[in-house]
Amino acid sequence: MPFTSPIAPTSCSGYCQRCRTHHVLPQGSSGGPALALQVELEKKGRLDLQAAAHQANPLYRLDYLFGPARGQMFGVMEFRAPDNSRGVMRAFSGQYNGRWQVEGWAPPLFAEEVWQQTNQVKERQIKELSRTIAQLKADIPHRQELIKARRSLSQGLMQELHAIYRLTNFRGETKSLPEVFASQGGIPTGTGDCCAPKLLNYAARHALTPLGISEFYLGRPNPSRTRQHGHFYSSCPGKCQPILGFLLCGLEQ
Ligand SMILES: [Zn+2]
Ligand SMILES: [Zn+2]
C-alpha cells in the first residue's frame with residue numbers, strides 16, 4: 001500500500017502541574033525522518049529493520065497491521081546528543097504483536113519482567129472467572145457476583161500495572177504514572193504506552209535533547225476511522241496530554 005501522506009503540522013504537549021503551564025514540543029524537522037521510516041518499513045515489510053532478511057522474526061511482519069488486530073501508531077524523534085551530533089529514535093505504540101521490546105525501538109516505561117510478574121497471576125484468575133461465568137446460565141444470581149468480582153480484579157490489576165511505570169523528565173525527576181497523571185478521573189488503559197511518552201522517556205534517560213516528534217498511524221483504520229493509514233496525529237488528549245506536561249518539563253523551549 002503506498003504512503004501518500006501530507007505531513008500536517010502536529011505537536012506533543014501537556015499541562016505541567018509544577019510550572020502551571022503547557023509544555024509543547026513542536027514537530028520540528030522530524031517529519032522527514034518519519035516519512036523515511038514509513039518508506040523503509042514498507043520496503044522491508046517488517047519492524048526488525050536491523051536483522052538480516054533470513055533472521056527476521058515473523059512476529060514483526062508489517063502485514064500484522066492489516067489483519068484483525070488493525071493498525072497502530074508509530075513515532076519518530078529527532079534529538080541532539082551530548083556531543084552535539086543529531087540522531088533519530090523510533091517507537092511503536094503499546095505492544096507489537098504481543099511484544100513490548102523490538103531491537104532498535106524505544107522500550108516501554110517499565111521493566112518488562114516486573115510487568116510479566118504483575119500481570120501473570122491476576123490475568124490467570126480473570127481468565128478462570130471468565131470460563132466459570134461462561135458456563136453459568138444468565139439467570140443465576142451467583143453469576144452477577146462473579147461478573148462483579150471479575151471487574152474488580154481487572155481494575156485492581158490495571159492499578160497495579162500503572163504503579164510500575166517509571167517516567168523520567170528533563171529535570172531528572174522520576175515518578176510513577178499515578179503520581180504524574182494530571183487529569184480528573186481514572187487513568188485510561190494504555191496510558192504511557194503511546195510513542196511520545198516512550199520517546200521522551202528514552203531521551204531523558206539517555207541525556208538526549210528532543211528536537212521534534214512526529215507520530216503517524218500505519219495499517220487498517222481503527223473501527224471509528226479516526227486513525228488512517230499514513231496520517232500524522234498530535235499527541236492524544238486522553239492518555240498522553242495528562243502525562244506529557246511532566247515528561248517535557250525541564251526541556252529548553
Ligand atoms: Zn497517546
Ligand atoms: Zn514544567
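1. Alanine 207 follows α5, and its phi is positive, near 55°. Helices here are DSSP runs of H or I with at least four residues, and strands are runs of E with at least two, numbered from the N terminus. Nine of the eleven residues of α5 are buried, so count this helix as mostly covered. Buried means under 20% relative accessible area, exposed means over 50%, and partly exposed lies in between (1.4 Å probe, protein chains only). Among the buried residues of α5 are Cys195, Pro197, Lys198 and Leu200.

2. A word on the model. It is predicted, so local features need pLDDT of at least 70 and side-chain atom pairs count only at pLDDT 80 or more, while totals for chains, interfaces and linings use all residues. Residues are numbered from 1 along each chain as its sequence is written, chains are lettered from A and ligands numbered from 1 in the order in which they are written, and side-chain values use heavy atoms, with hydrogens and water left out.

3. Now the zinc ion (ligand 1). Which residues hold it? Cys194, Cys236 and Cys240 coordinate the zinc ion (ligand 1), each through SG, at 2.2 to 2.3 Å. Donors are N, O and S atoms within 2.8 Å of the metal (3.2 Å for Na, K and Ca); water is not among the atoms, so sites may look incomplete. The donor residues are spaced C-x41-C-x3-C in sequence. Cysteine 194 sits in the loop between α4 (177-180) and α5 (195-205), and cysteine 240 in the loop between β8 (232-233) and α6 (241-248), so the pair ties together parts that are 46 residues apart in sequence. Cysteine 194 and cysteine 240 are both buried.

4. The zinc ion (ligand 2) has another set of donors. Cys16 (SG), Cys19 (SG), His23 (NE2) and Cys249 (SG) coordinate the zinc ion (ligand 2) at 2.1 to 2.3 Å. What is the geometry of this site? The site is tetrahedral, with angles of 105 to 118° among its four donor atoms. Four donors count as tetrahedral if all angles lie between 85 and 135 degrees; four count as square planar and six as octahedral if opposite donors are over 155 degrees apart and all others between 65 and 115; anything else is irregular. For four tetrahedral donors, the ideal angle at a metal is 109.5 degrees.

5. Follow the chain through the site of ligand 2. The donor spacing is C-x2-C-x3-H-x225-C. Histidine 23 in strand β2 and cysteine 249 in the segment after α6 link distant parts of the chain, 226 residues apart. Is cysteine 249 buried or exposed? Cysteine 249 counts as buried, because its relative accessibility is 1%. Histidine 23 is buried too. Cysteine 19 counts as partly exposed, at 30% relative accessibility.

6. Look next at the hairpin of β1 and β2. Strand β1 (residues 11-16) pairs with strand β2 (residues 21-26) in the antiparallel sense, over six bridges. Two strands pair if DSSP finds at least two bridges between them. Four residues lie between the strands, and arginine 20 in this hairpin takes a positive phi near 55°.

7. Histidine 22 lies in strand β2, and its bridge partner is tyrosine 15. Histidine 22 counts as exposed, because its relative accessibility is 52%. It touches Gly14 and Tyr15, not counting residues up to four places away in sequence. Contact means heavy atoms within 4.5 Å. Histidine 22 and cysteine 249 are 227 residues apart in sequence but 9.4 Å apart in space, C-alpha to C-alpha.

8. Threonine 118 belongs to helix α2 (residues 112-135). Threonine 118 is buried, because its relative accessible area is 15%. A polar atom of its side chain lies 2.6 Å from the backbone oxygen of valine 114. Threonine 118 also touches Leu157, Glu160, Leu161 and Ile164, not counting residues up to four places away in sequence.

9. Two arginines are worth checking in loops. Arginine 70, in the loop between α1 (31-44) and β3 (72-80), has a positive phi near 65°. Arginine 70 is partly exposed, with a relative accessible area of 25%. Arginine 225, in the loop between β7 (209-218) and β8, has a positive phi near 60°. Arginine 225 counts as exposed, at 52% relative accessibility.

Conventions. A polar contact is a pair of N or O atoms within 3.5 Å; within protein, one must be able to donate a hydrogen and the other to accept it, and residues adjacent in sequence count only if both atoms are side-chain atoms.
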